[in-house]
Protein chains: 2
Amino acid sequence: MPTLFHQPLDVASRFVRLVMGEYGVEAELEVEKVWLRRHDFLVLNPAATVPVLQLDEAVLVGPTPLVSFLAEAREDGGAPLLPRDPADRAEVRRLIDWALLILEADVSAVLVLEKALKRQIPADQGGGAPDTQAMRIARDALGWHLSYLAHLLTGNDWLTGERLTQADLAFGAAISSLDYLGEIAWSDHPAMRDWYARLKSRPSFAPLLADRVTGVVPPSHYEDPDF
Amino acid sequence: MPTLFHQPLDVASRFVRLVMGEYGVEAELEVEKVWLRRHDFLVLNPAATVPVLQLDEAVLVGPTPLVSFLAEAREDGGAPLLPRDPADRAEVRRLIDWALLILEADVSAVLVLEKALKRQIPADQGGGAPDTQAMRIARDALGWHLSYLAHLLTGNDWLTGERLTQADLAFGAAISSLDYLGEIAWSDHPAMRDWYARLKSRPSFAPLLADRVTGVVPPSHYEDPDF
């Protein structure tokens, strides 16, 4: 069976797990403590990042190469969760980059590091007490990103229209990680709540919602599809 | 004609210009001073980043969505500079992400900002004197990245083997920008020099080498294919 090296709250890892779930691709999950820079992992990926999917025939590094590989393997048959129209595809890819790069740098990477990873990382490798100023700046940025998400959802069931695409899975990955950390005030975001409830009820989401991270307890609504 | 909004030393913009040159896609170039957050540009791309390609039928934002769109438009005919084998494609995409995200964050974005952009950006928007400590850290990281590039080129004409791919254009974009800034000590990197000389002699490279940035003069070898 393939092996997916991942981190439980890492957004790119969650995105890949959701796509694999939707595509029906199974893998054994291995949590990789990337900060340890384990030799055998660096051989697979010298950049020391997750996700990495190890198959018999290839090692797939990073969310975009990995998901493109899986989608192209399906082009003959099932739906790869990408629109057929080239301009619509470009819009889905723009939003994936937004969730995995921009929202990630502004918000998700900061809050996951400060609230979860720093508890696990040794002090001499960057662990320790959270940086409250960095967290405050990230939370300010989150407000702006959630307004943009609400704008995208105006009049739509899914981010780019009437159909679920990889863009929903990328933003869903990001929101689920922030929700685990108690960072989403759902009562302020009814449209996003409806969208996220639809995502959460998909079977591909169940394994993510069952994950737990050492030392961080998610809010009571985290697993509930009718939150 | 399409319009490409870009920045002359921005690596993602250079990558897109090279791909467009190889594909024979022409566009009018507009230098976008992204730090001004011009309203009409934010309408095209609320993230206020370049490159953005404005076509009649679509607005393409960001290097991966943009290049995927152009490559898919050609799938029926010409060579999109991607290998046919799915695992080889994933390797090309991994290296594009390396050049445009990892090398970018560690090195290119820092040196382009400190040495070129800060001369143009008003002081109250982040311009001013360069941060010499940030530049020192970026230069240390550059040494490691160039060793990795040399490792990839061992025994190969191009980064992933015998054929030019989008990965060469992505790394070529990054190296050309750093070379403009005088950051590449070519005598220390003979294998990379041979590879870059092959790239530089391609017609797609000529417009990049002719560009000049306000206040920063490139080294005398910058334009010379036999440097």
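View 1. Between chain B and chain A, 4 residue pairs are in polar contact, both residues at pLDDT 80 or more. A polar contact is a pair of N or O atoms within 3.5 Å; within protein, one must be able to donate a hydrogen and the other to accept it, and residues adjacent in sequence count only if both atoms are side-chain atoms. The model is predicted: local features need pLDDT of at least 70, side-chain atom pairs count only at pLDDT 80 or more, and totals for chains, interfaces and linings use all residues. Residues are numbered from 1 along each chain as its sequence is written, chains are lettered from A and ligands numbered from 1 in the order in which they are written, and side-chain values use heavy atoms, with hydrogens and water left out. The rule also finds 4 salt bridges across this interface (a side-chain nitrogen of Lys or Arg within 4 Å of a carboxyl oxygen of Asp or Glu). One salt bridge joins the side chains of B:Arg89 and A:Glu72, at 3.3 Å from N to O.

**View 2. The side of chain B that touches chain A.** Here β4 (59-61), α3 (63-74), α4 (86-120) and α5 (132-153) of chain B each supply at least two residues. The most come from α4(B), with 10 residues. Helices (H or I, at least four residues) and strands (E, at least two) are DSSP runs, numbered from the N terminus. In contact (heavy atoms within 4.5 Å) are 23 residues of chain B and 23 residues of chain A.

**View 3. A stacked pair in chain A.** A:Trp98 and A:Tyr148 are stacked, 4.3 Å centre to centre, with 25° between the planes. A:Trp98 belongs to helix α4 (residues 86-120) and A:Tyr148 to helix α5 (residues 132-153), so the pair ties together parts that are 50 residues apart in sequence. Rings of Phe, Tyr and Trp (its six-membered ring) pair if their centres lie within 6.5 Å; planes under 30 degrees apart count as stacked, over 60 as edge-to-face and the rest as tilted. A:Trp98 is buried, at 2% relative accessible area. A:Tyr148 is buried too, at 10%. Buried means under 20% relative accessible area, exposed over 50%, partly exposed in between (1.4 Å probe, protein chains only).

**View 4. An aromatic cluster in chain A.** A:Trp186, A:Trp195, A:Tyr196, A:Phe205 and A:Phe227 form one cluster.
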